[in-house]
Amino acid sequence: MPHSVTLTLPGTQVAERIRASLPNAVKSANTDYVVLEPASAFDAMALLRDDEQLDGKFLVQMCSVDMISRIDVVYHFASLAQNHIFEVKVPTDHEQASVPSISPLWSGAILQEREIYDLMGVKFPGHPELTRLFLWESFPGHPLRKDFMAMPGGRKPGLSQFPKQVVGQTGQEFRPKAPGTGE
Amino acid sequence: MPIKSEPVEVNIGPQHPSTHGVFRMVAKIDGERIVDVKMVVGYLHRSMEKLAEERTFTQNIPFTDRMDYLAAMSGNLGYCLSVEKLAGIEVPERAQYLRVIFAELQRVASHCMATGAFINDCGAWQTPVMYCFRDREKVLDLFEMTCGARLTTNYMRIGGVAFDIPDEFLPALDRLVNDDLPFRFEEYDQLLVGNEIIMMRARDVGVVTPEMAINASLSGPILRSAGIVWDLRKADPYAVYDRMKFDIPVGYNGDAYDRMCIRIEEMKQSLRIIRQAMHDLPGGPHKTDVPLAIRPPAGEAYSRVESPKGELGFYVVSDGGPAPYRWHVRAPSLINLSVLKEMTVGKSIADAIVTLGSIDINVGELDR
């Protein structure tokens, strides 16, 4: 029976289902998401697609987050029949980023994996044609990484050092002092 | 005597009227048949996801206008919902209703454009597209009346909407949804849906099967044309869609003709929603007090809306700072193109143009 509102499955529940068949596939799990071991990620994804209870037949989206020490590839899966959604993360090394491709399972992943490869530099072994999607082939580096220095100074230090918001502030005090001074 | 032919590569785009922007399709054709199709995108890549990491949450709202510039309100709404989910902000009732009204007006405007451009691609050069533009203009006039902008509205805010509606808005909206547009949509029914030429041109072109649609993560009218009843306004209601009565039009064959009919029917359903929202529109504030440099707690949120193109999702990661740590947009225009190859290979090159028109991509959203 489908839920009337999309139900977000807790990561612990998803982890239990995966552990029942693949005991070593889950690295950790919390209420929001489940973290998979990269080595057995492909098998676990195939499992959660074909599992009756999880039924993750619809790949909602996939993206990547640079966590400085590692890169997380984030997947959201949904079941249209049961109307639930859950989140899966696969961590990978920051320098040698590589996660097994799920394009053999979902054809919707082909373009999204190319996008992640282009902007974040994660390699997807098993992908039919892993080339850059938006940028040209000779583009130096992968711009969504936090250490990409295309902009002067990379991540602006000024913004992270904003004072804490207090009641009564209008936001005008965060404006640069004078235009062109480089804040 | 059969004529021997060699495969030839043909560039469709990046500057071509049928590609709806700077989208390039490299088709390898053998005679009239397409052997292979490769899409080349990125001409409109503005690296919004990177730029957003250096701007505050509020400063990022204008980016969402410039993604899908034909459906700016839907982009605004999706982004604001994701930040509100992350920060746990309650939105006032009046703002919720205004959001529904504007999101549905935007759907009418975007579907008008999609229908007109699709008929254009079918070969009815310029006349039908001007009919659709005429109706879209009236919606844009209402946007201009409310927020001063017609295309890049920048209307929604985190915690509400930027301005309350002016006094003359509701009478104008009433005229639009009760007198003007229903009459126009009747006209569409007579001119387009029952048109034998369009039926012959668009039936069985660009067919999507339900299995293909789910496997390729399609969403929006292209998913519904395959017969799958899936609309996020019903399945995962946001704003006040759970209080509205409306139907989800679905197709049977998954072809380009079905998608056009679904869009026209969805516009009528949008008018139904707007009428209910107008009737129930409560008083009260249009915006809750949210600091301009809002700092949501560290964490992540994924929220999604049914934009005219499909499921528009925003995945926001915060590290507790004033700017998002990571901002990812699930762009329906990009993901709906996953099936372009399967839909076009083996068909004639003229059908590829019709197929692309029926997917209704927006290159601003595709490339971001």
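Two strands count as paired if DSSP finds at least two bridges between them. The model described here is predicted. In it, strand β7 (residues 310-318) of chain B is joined to β8(B) by 5 bridges, and the two run antiparallel.

**The three-stranded sheet of chain B**

- β7 and β8 belong to an open sheet of 3 strands in chain B, with the order β6-β7-β8 and antiparallel pairing.
- The edges of this sheet are β6 (299-307) and β8 (326-330) of chain B, each of which pairs on one side only.
- On average, neighbouring strands of the sheet are turned by 10 degrees against each other, direction ignored.
- Between β7(B) and β8(B), 5 bridges are found, and B:V316 stands opposite B:W327 in β8(B).
- Helix α3 (residues 72-87) of chain B packs on the sheet and touches β6 and β7 of chain B.
- The direction of that helix makes about 150 degrees with the direction of β6(B).

**A helix pair in chain B**

- Helix α5 (residues 127-147) and helix α6 (residues 169-193) of chain B pack with their axes 11 Å apart, at an angle of about 170 degrees.
- Angles over 145 degrees count as roughly antiparallel, and α5(B) and α6(B) are therefore roughly antiparallel to each other.
- From α5(B), the residues B:D135, B:K138, B:L142, B:M145 and B:T146 take part in the contact.
- They meet B:F169, B:A172, B:L173, B:L176, B:D180, B:L181 and B:R184 in α6(B).
- By class, the contact of α5(B) with α6(B) has 7 nonpolar, 1 polar and 4 charged residues.

**Chain B as a whole**

- Chain B has 15 helices and 8 strands.
- Its radius of gyration is 21 Å, close to the 21 Å that the globule rule gives for 368 residues, so chain B is as compact as a globular protein of that length.
- The C-alpha trace of chain B spans about 80 × 45 × 35 Å along its principal axes.
- Of the 368 residues in chain B, 55% are buried.
- Among contacts in chain B with a separation of 6 or more, 71% are between residues 24 or more positions apart.

**One loop residue of chain B**

- B:E168 lies in the loop between β5 (160-161) and α6 of chain B.
- With 9 other C-beta atoms within 10 Å, B:E168 is exposed.
- B:E168 and B:C261 are 93 residues apart in sequence, and their C-alpha atoms are 33 Å apart in space.

**Chain A as a whole**

- Chain A has 4 helices and 6 strands, and from the N terminus on its elements run β-α-β-β-α-β-β-β-α-α.
- Buried residues make up 40% of the 183 residues in chain A.
- Of the contacts in chain A with a separation of 6 or more, 44% are between residues 24 or more positions apart.

**Where the chains touch**

- The contact takes 34 residues from chain A and 36 residues from chain B.
- On the side of chain A that touches chain B, the elements giving two or more residues are β4 (58-66), β5 (70-79), α3 (109-120) and α4 (157-160) of chain A.
- The largest share of that side, 6 residues, comes from β4(A).
- By class, the side of chain A that touches chain B has 19 nonpolar, 12 polar and 3 charged residues.

How values were computed: Residues are numbered from 1 along each chain as its sequence is written. Chains are lettered from A and ligands numbered from 1 in the order in which they are written. This is a predicted model: local features need pLDDT of at least 70, side-chain atom pairs count only at pLDDT 80 or more; totals for chains, interfaces and linings use all residues. Axes are lines fitted to C-alpha atoms, for helices over the stretch in contact, and angles run from 0 to 180 degrees between N-to-C directions. Two residues are in contact if their C-beta atoms, placed from the backbone, lie within 7 Å. Ala, Val, Leu, Ile, Met, Phe, Trp, Tyr, Cys and Pro count as nonpolar, Asp, Glu, Lys and Arg as charged, and the others, Gly among them, as polar. Angles under 35 degrees count as roughly parallel, over 145 as roughly antiparallel, 65 to 115 as roughly perpendicular and the rest as oblique. The radius of gyration is taken over C-alpha atoms; the globule rule is 2.2 Å times the number of residues to the power 0.38. A residue is buried if 20 or more other C-beta atoms lie within 10 Å of its own, exposed if 12 or fewer, and partly exposed in between; C-beta atoms are placed from the backbone.
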